[in-house]
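Good morning, and thank you for coming.

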Amino acid sequence: MDLTKTPEWQALLAHKTRLQDQHLRDLFAQDEHRFSHFSVEIDGLLVDYSKQRVDRPALSSLIALAKNAQVEDWRDRMFAGEKINFSENRAVLHTALRHTDFTPFPSAEDDVMPQVHAVRKQMRDIAERVRSGLWRGYTGAAIQNVVNIGIGGSDLGPKLANRALSALQHPGINFYYVSNLDSAHLAPLLEKLDPSTTLFIVASKTFTTQETMINAHTARTWLLAAATEEKAIAKHFIAVTSNTQKAHAFGIPDANILQIWDWVGGRYSLWSAVGLSVALAIGMRGFERLLEGAQVMDKHFCSAPLENNLPVLLALMSIWNTNFLGAETTAVLPYNESMRHLPGFLQQLEMESNGKTVSRDGAALSCRANPIVWGEIGVNGQHAFFQLLHQGGWLIPCDFVVAASSDYPLPGHQAPLLANCLAQSAALAFGKTEQQARIELAAAGLKESEIAKLLPHKVFAGNQPSTTILMPSLDPYQLGMLLALYEHKVFVQGVIWGINSFDQWGVELGKQLANSLLPALEGNQAFDAQLDDSTRGLISYFRRYGNN
């Protein structure tokens, strides 16, 4: 079915026309209880979407759109373990990784929990040994540095969580994340680390990911240059993979290999053994609290009516902004410094999942799907790109994310931080009218001629939609809820747009081309006759100036 031809879509087009001359100032004036009507709180996590440019009739039509797209049915199929990732013939069961109830999942007939529990036990044993100092390197020294080597979800998820929860981190262990193939990422780190006190976690489902394995082999060579004996690998390397054979060939013993399964997508792998570095940082109990928070959001997603269902509401606001108001990008603006990596994490989660133009049945989409996701720490953004948000003329919906209490409390910091966050969302929504600007300038004592010159520069259109997400504190439980909220939001969007959110064939093309170009760049063979003239010219340049 063509989504844009449905009665629900046509109703939303009518709402767009009806609301196009309505400013957020008007919507708030029409409903004195707008905040309570357009916000939901679960276990302290508050989502305020009252500054989105919708009213209750438009929201009702958006809910109808979700129902018509069978969001509830697809949700139930995912949680039941059906192979809804049909292009790869896989189930989508990352939610099993944070299933903490003592019950089978997804069902008694197909229970994956025994294997999940076995890996959690491995994680707990490793975390306890490393954190207590019982895990010793080849010289007998305790581990002081942990380096996670991965890329994509094997890097972005644990890096985000570790940084977000850094206030809870083990004080005697340093944590690092290496993903870039550029040696400038790994080389300076190795220069400052002591191999005898460094533990590497190599996270790759296939144990063949080019970027990860090149970095891992470099780290292996570096370690053996100091340790000299191959048996040192067992004391300094852990693998998170489904390819035990490759891990064995690397020199990693079974006790150091943590399993990951094909039903865990990379961008959903934080909840698996890919999160080992997080468990090492905050302890396994802290990691389990992360899982518990995510499971609370899973249960909410499965049970709450759509009109009060946070993932559904976030997804519908994005669809409204993208497909009806014409927004092309979304800005993610965390105000807590510890949430610095949230925009990068959500870029992968959203754009790798839904950055597609083909529907599940192979037909071209009849509407635009995912917007471009970008962002920065909010306070920094205020002194960089917020000028464009306020007066640049672009429609850019924003997600403001902030914790009410600081994870690193210093007197006099937190209240101004919150003031900036709330002020920016209000300023973007309501702007400043010409009349308001004129009154302010006159009150400042300016003459009429001076007011006339400054007035155009002092007017702010406002009407920029935003959602504000507030947490009581930045702790594992709240972070788990937040990340699961965004995961399910992306899933709902994909269902409504009619796409498979769990494959990423576009990523594979670049990998294939890179592998085919490598021999020519290394100078081991002549140019492929099929290469385009630009690529041939660029390779020639590299051969003149580059190094391998």
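I begin with the largest pocket, which holds about 1000 Å³ of space. Please keep in mind that this is a predicted model. The lining of this pocket comprises 41 residues, and those nearest the centre are Thr209, Gly266, Gln504, Glu508 and Lys511. Which helix gives the most to the lining of the largest pocket? That is H22, with seven residues. Helix H7 (153-164), helix H9 (210-227), helix H15 (342-354) and helix H22 (505-521) each contribute at least two residues. Sorted by class, the lining has 18 polar, 14 nonpolar and nine charged residues.

In general, a probe the size of a water molecule, rolled over the atoms, shows where empty space is left. How many cavities of 30 Å³ or more does a search of the whole structure find? The search finds four. The largest cavity has a volume of about 120 Å³. Its lining includes Gln52, Leu314, Met317, Asp399 and Lys489, among others. H14 gives the most, with five residues. By class, the lining of the largest cavity has six polar, four nonpolar and two charged residues.

Helix H14 also takes part in a helix pair. Helix H1 (residues 7-19) packs against helix H14 (residues 310-324) at an angle of about 75°, and their axes are 11 Å apart. H1 and H14 are therefore roughly perpendicular to each other. On the side of H1, the residues in contact are Trp9, Leu12, Leu13, His15, Lys16 and Leu19; on the side of H14, they are Trp320, Asn323 and Phe324. The residues of this contact comprise six nonpolar, two polar and one charged.

Strand S10 leads us to the sheet. Six strands form an open sheet with mixed pairing, and their order is S1-S2-S11-S10-S8-S9. Why is one side of strand S1 (39-42) and of strand S9 (372-375) left without a neighbour in the sheet? Both stand at the edges and each has a single partner strand, so one side remains without a neighbour. On average, neighbouring strands of this sheet are turned by 15° against each other, direction ignored. Strand S8 (residues 329-334) pairs with S9 in the parallel sense, over four bridges. Within this part of the sheet, Ala331 stands opposite Trp374 in S9. Helix H18 (residues 414-430) packs on the sheet and touches strand S10 (398-403) and strand S11 (466-471). The direction of H18 makes about 160° with that of S10.

The peptide bond from Phe105 to Pro106 is cis, with omega near 0°. H9 is one of the helices that supply at least two residues to the lining of the largest pocket, and with it we return to where we began. Thank you for your attention.

How values were computed
Residues numbered from 1 in each chain as written. Predicted model: local features only at pLDDT ≥ 70, side-chain atom pairs only at ≥ 80, totals over all residues. Heavy atoms only, no water. Pairing = 2+ DSSP bridges. Axes fitted to C-alpha atoms, helices over the stretch in contact; angles between N-to-C directions. Contact = heavy atoms within 4.5 Å. Parallel < 35°, antiparallel > 145°, perpendicular 65-115°, else oblique. Nonpolar A, V, L, I, M, F, W, Y, C, P; charged D, E, K, R; others polar. 1 Å grid on protein atoms, 1.4 Å probe; cavity = no way out; pocket = protein on both sides within 12 Å on 5 of 7 lines; lining within 4 Å. Points joined across faces, edges and corners; volume = space filled by probe spheres on them.
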